[in-house]
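Hello,

I am passing a structure on to you, and I hope you enjoy looking around in it. Please open it first, and then read my notes below.

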Amino acid sequence: RNRNFIPEKTINHNQIKMPEKADMDRIRENIKEIHTDQDLRNATIIHILAQCGLRRGELIALDVSDIDIEHQRITVISKGKMEAQDVVPIPDNLMGLISEYLEMRNTNALFLSNRNGRLKETALRYLCNKASNNTVTPHMLRHWCGTKMYEEKRDLVEVRNVLRHSDIKTTANYYIHKNDIC
């Protein structure tokens, strides 16, 4: 595979909605104090979105059985893939938080709403808005994950594999900037 793939077209990176560093610092500050089960749930959700790059629908659909602590991975039903499953690695620094959260789960659904049903997209958006003071959406956390991974490793194939884009051109369009090519 060509790890130096240059996209045929580039998108305007000013149009990609990605959290600023200040937004992420605010989120970290807002979720660092864990006093209740709900605080633990919220911190786990934010960290999975920002560090594993899950789509909001993938996160909401997660069951406890989709988390494999021993092999440090999450199994997801990916967008547009009927019954197809993908495996997403869990970073080392997230294992403790996920393990702690799993200890309190006694239902099939991994993330429950305050009414004990499976978490809904509106509740997920509300949670992200509350943690960020209305500046970050769940999808912006996915972009954060991809951008940070590309900045650290400069490996487009690895970013594509973690984010599970069907076409590497999609990954290149989002994460290769003009100054990376020149």
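Which residue in S3 is the bridge partner of Val76? It is Asp86.

Before going further, a word on the source: this is a predicted model, in which local features need pLDDT of at least 70 and side-chain atom pairs count only at pLDDT 80 or more, while totals for chains, interfaces and linings use all residues. Residues are numbered from 1 along each chain as its sequence is written, and side-chain values use heavy atoms, with hydrogens and water left out.

Let me start with the strands. Strands (E, at least two residues) and helices (H or I, at least four) are DSSP runs, numbered from the N terminus. Strand S2 (residues 73-77) and S3 run antiparallel and are joined by 5 bridges. S1 is also antiparallel to S2, with 2 bridges between them; here Asp68 has Arg73 in S2 as its bridge partner. Two strands count as paired if DSSP finds at least two bridges between them.

In a regular strand the side chains alternate between the two faces of the sheet. Buried means under 20% relative accessible area, exposed over 50%, and partly exposed in between (1.4 Å probe, protein chains only). Strand S3 (residues 85-89) has Asp86 and Val88 on its covered face, and Gln85, Val87 and Pro89 on the uncovered one.

Two loop residues are worth a visit. Gln72 sits in the loop between S1 and S2, a hairpin with 4 residues between the strands, and takes a positive phi near 50 degrees. Gln72 is partly exposed, with a relative accessible area of 26%. Leaving aside residues up to four places away in sequence, Gln72 touches Val88, Pro89, Ile90, Pro91, Asp92 and Met95, where contact means heavy atoms within 4.5 Å. Gln72 and Pro91 are 19 residues apart in sequence, and their C-alpha atoms are 7.5 Å apart in space.

The other is Asp63, in the loop between helix H3 (56-61) and strand S1 (67-68). Asp63 is buried, at a relative accessible area of 16%. Not counting residues up to four places away in sequence, Asp63 touches Asn108, Ala109, Leu110 and Arg118.

Now to the helices. Two packed helices are described by the angle between their axes and the distance between the axes. Axes are lines fitted to C-alpha atoms, for helices over the stretch in contact, and angles run from 0 to 180 degrees between N-to-C directions.

How do H7 and H8 lie to each other, and which residues meet? The axes of helix H7 (residues 156-163) and helix H8 (residues 168-175) come within 9 Å and cross at roughly 110 degrees. H7 and H8 are therefore roughly perpendicular to each other; angles under 35 degrees count as roughly parallel, over 145 as roughly antiparallel, 65 to 115 as roughly perpendicular and the rest as oblique. Leu156, Val157, Val159, Arg160 and Leu163 in H7 meet Ile168, Thr171, Ala172 and Tyr175 in H8.
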